[in-house]
Structures are given as structure tokens and as C-alpha cells.
Amino acid sequence: MTLHFSCTQCGRCCHDLRLSLSAEEAAVWTGNGHTVQILSEALPVLPSASGGAGEDDFNLGRSFAARSGGMPIRIAATLVAYHVGACPHLLPDMRCGNYAARPRICRIYPLDRLPGIRFDARAKVCPPEAWLESHPLLMSGERIAEDEAALVLAAHRETARREVPLMEALCRKLGISAAAFANEGLAVHTPEPATLHSALRELAAGFAPPEGLANWTILTNRAPTLAMLTEAGCDAGIVTRGAGYLGSFADEPV
Ligand code: SF4
Ligand code: SF4
């Protein structure tokens, strides 16, 4: 598969999106009074044939160990800039008013932030004219053809892995201890920008690794999943889709 791409500067990707940020980027974003959310999901720890953790390297690398009731789990927590409508930096002519300092994720769209996802141009908000075969090559198979985009994406992923201990400390500091069951949705936590800004600044100055495993509640909007989690000994709770829970499936209440 080869994919050609050229940005039309339509500005669609600067509307109504959640942009994953590094902790440093989130500190800057919240320092400007803008909203940053924390999305959390709970990954099950599956036994493997070798007897070790069964998660793939990526899920291990982006998550920290925790427990839910008697079950060992892993938590992936991600900082995202959140805005309804236009990004606060978007200019009326659809240029970025923060171009030089825009977050890494803005430099790599429409590439996928997470590895292992089959690239689907139809899932992107770019218009059809951005994908013409006459445009420069963006991807050849799994390989990203544009060197700079590949470097920025690699740096974004590496930063996310490096910041896992900080994200664990941040969740503890803010009292965040609920996560969506992985692959069903994402739990959304929305601290006040000033609160998050000062927590991020404090942690950037240094922190001791948290002791022990924190207990997390696993959230789902599906009664069968709730029953399965409860049976497995987890602390589980039922929610409905909305501002606090981005569900991939329709609500199935108890
Ligand atoms: S920072 Fe700039 S590129 Fe990123 S979403 Fe906002 S306007 Fe768009
Ligand atoms: S949606 Fe696609 S084509 Fe439009 S500005 Fe964003 S990256 Fe460019």
C-alpha cells in the first residue's frame, strides 16, 4: 500500500479533537488557561505461555502496574488538549497561530499516534483532495516515507513511554483512580487547568516513585462486562456514555 498526501490547510483537524500531549506540552497548554483532560483505560494482565505478562511490548510500555480489587491490571493514562469547536490557536484563515510551538501531535497528523493500527485514510478528517496520487508519498506499507514526520512521531511515542511514571504520580496526586475497561472506551477526567498546571509543574521538578499498587475502579457501560469484571474480583462500576466516558459501544445498562 502506498499513500500520497498533501495538507490542504482546511483546518478540520484543528476542530473538536482531543490532541495527545506530553507533560511539558500539557503544562504549557494549561498555563494558557486551556483545558487538558486525562483519558484512562485499564488493561487486563493476561497470563502468557511463558508465564510472564501477556501484554505486548507496546501496552506494557505505555502503562503502569495497578490493581482493581484482587486483580492485577495496568493503567494507560494520556493527557489530551480538549476543545469544542476551533482550537484556541486557530486563526480565522485556518492557519495555526501557534505554529512554531504547536504540539508534536499537530506536526504528525494524519499519522496515527499509536503503533500497530492499520492506517485508514477514511477515518481521518482530511478532505479527498489531500490524498491525490500526485501528492508526495506519505506511507509505503508500514513505513512512513517522510523523514521529519517519522522522527516527530517516534519522539512522540518515546516521550509517552518515558512519562509513564509521571502519569502514575499525576493520577495519584489528582486522586484519579477510575479507568474504562480497555477496548470498550476511555474514562475522561477534566481537572481545572490551573490545578493540572501546578501539579505538572511540581512533578516536573521531581517526584518520588509512588509506593505500592494503587486500587482502581474499572468502568464500563455494558452490563455483561460489569458482571465479568465483578466475577473476576475487580472493583467495577457501570457508567453511561457522555462527558466522563467515551464509549465505543451503546450503553447496556444493568
Ligand atoms: S495548535 Fe495549531 S495546529 Fe494544533 S490544533 Fe491548534 S491550531 Fe491546529
Ligand atoms: S485536516 Fe488534513 S488537510 Fe486539513 S489541515 Fe488538517 S492535516 Fe491538513
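In the predicted model, helix H1 (residues 23-31) packs against helix H6 (residues 193-204) at an angle of about 140°, and their axes lie 8 Å apart. Helices are DSSP runs of H or I with at least four residues, strands are runs of E with at least two, and both are numbered from the N terminus. Axes are lines fitted to C-alpha atoms, for helices over the stretch in contact, with angles from 0 to 180 degrees between N-to-C directions. H1 and H6 are therefore oblique to each other (under 35 degrees counts as roughly parallel, over 145 as roughly antiparallel, 65 to 115 as roughly perpendicular, and the rest as oblique). In H1, the residues Ala23, Glu24, Ala26, Ala27, Val28, Thr30 and Gly31 are in contact (heavy atoms within 4.5 Å) with Pro193, Leu196, His197, Leu200 and Arg201 of H6.

Ligand 2 is surrounded by Phe5, Cys7, Thr8, Gln9, Cys10, Gly11, Arg12, Cys13, Tyr109, Val125, Cys126 and Pro127, each with a heavy atom within 4 Å.

The protein chain contains seven helices and 12 strands. Its radius of gyration is 19 Å, close to the 18 Å given by the globule rule for 254 residues, so the chain is as compact as a globular protein of that length. This radius is taken over C-alpha atoms, and the rule is 2.2 Å times the number of residues to the power 0.38. Along the principal axes, the C-alpha atoms fill a box of roughly 55 × 40 × 35 Å.

Residues are numbered from 1 along each chain as its sequence is written, while chains are lettered from A and ligands numbered from 1 in the order in which they are written. Local features need pLDDT of at least 70, side-chain atom pairs count only at pLDDT 80 or more, totals for chains, interfaces and linings use all residues, and side-chain values use heavy atoms, with hydrogens and water left out.
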